[in-house]
Amino acid sequence: MKDFILTQTLLTAPAFIPEIRLHLATEVTPLWQATEDTLREINIQPPYWAFAWPGGQALARYLLDQPSVVQGRRVLDFAAGSGLVGIAAHIAGAAAVWANDIDPFCLEALALNAAANNAPLTILGQDLIGQPLPPIDLLIAGDIFYDRRMTDHIFPWLQTIAGQGVEVLLADPGRAYLPKTGLTPLARFTVPTSLDLEDRAERETVVYRLEGEGGTPLA
Ligand SMILES: C[S@@+](CC[C@H](N)C(=O)[O-])C[C@H]1O[C@@H](n2cnc3c(N)ncnc32)[C@H](O)[C@@H]1O
């Protein structure tokens, strides 16, 4: 997997986040094709890890511009993909950062990208939904509402976490399954995007705080 990632990507900064370099695909179609051709037999996910999604870029920009949001806090980058948001949290002064994704390729890309930015992320590869979390103060997640089943699976869990005293910050570029309630907008960015990935050259992307409902504080 490591060789595949290094062969298929360039170490480069996303358009909106010049501070951070990631192993990113420069062209979408060849990588998508290579992923399917090479890895079909192991039922692999699309290569989410090879792109800095608008939600991730907006959230990373927000944390880098407002470091007081993360300074001294213990942070989980959930559905981390390339790890852009978690790396931004580290640079902005987080006390500790965990990065979680369930795609094995993401875990490898996370390790490579963390090393490229000297960011000591603790990488978690298990599905954390409904499971005990590391001792965090803040959960951050970019661009996770593009699939109905994923939103149905993840959003109630995020609401529970927010209700237990963990701050939950999300960023979304207007995906179809963004929940309609419980989100307070904090900042808005126009993020440049690739026409190969999105249907427009830039996307209005909003950073939200998720308001929790009930619950008791996490131990
Ligand atoms: C569109 S990518 C966003 C990546 C990154 N946050 C960003 O904004 O660039 C969505 C990611 O969610 C991950 N994912 C999907 N379901 C998940 C789950 N149950 N737990 C953790 N990660 C999950 C996928 O593997 C993928 O890497």
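Which residues of helix H3 are buried?

The chain contains 6 helices and 9 strands. Its C-alpha trace spans about 50 × 35 × 35 Å along the principal axes. A compact globule of 219 residues would have a radius of gyration near 17 Å, and the chain's value of 16 Å agrees with that. Take the contacts between residues at least 6 apart in sequence: 68% of them join residues at least 24 apart. Buried residues account for 51% of the 219 in the chain.

Now find helix H3, which runs over residues 54-65. From its first C-alpha to its last, H3 reaches 16 Å, close to the 16 Å expected for its 12 residues. Here is the answer to our opening question: the buried residues are Pro54, Gly55, Gly56, Gln57, Ala58, Leu59, Ala60, Arg61, Tyr62, Leu63 and Leu64. Because 11 of the 12 residues of H3 are buried, the helix is largely enclosed by the rest of the structure. What does the covering of these buried residues include? It includes helix H4 (84-91) together with strands S6 (138-142), S7 (167-172), S8 (183-192) and S9 (202-210).

Finally, how confident is the predictor? The mean pLDDT of the chain is 91, and 91% of its residues reach 70 or more. Over residues 214-219, though, pLDDT stays under 50. For that stretch the model has 8 contacts beyond four places in sequence. Where pLDDT is low, predicted coordinates should not be read in detail.

Methods:
Residues are numbered from 1 along each chain as its sequence is written. This is a predicted model: local features need pLDDT of at least 70, side-chain atom pairs count only at pLDDT 80 or more; totals for chains, interfaces and linings use all residues. Side-chain values use heavy atoms; hydrogens and water are left out. pLDDT is the predictor's confidence in each residue, from 0 to 100. Contact means heavy atoms within 4.5 Å. Helices (H or I, at least four residues) and strands (E, at least two) are DSSP runs, numbered from the N terminus. The expected span of a helix is 1.5 Å times one less than its number of residues. Buried means under 20% relative accessible area, exposed over 50%, partly exposed in between (1.4 Å probe, protein chains only). The radius of gyration is taken over C-alpha atoms; the globule rule is 2.2 Å times the number of residues to the power 0.38.
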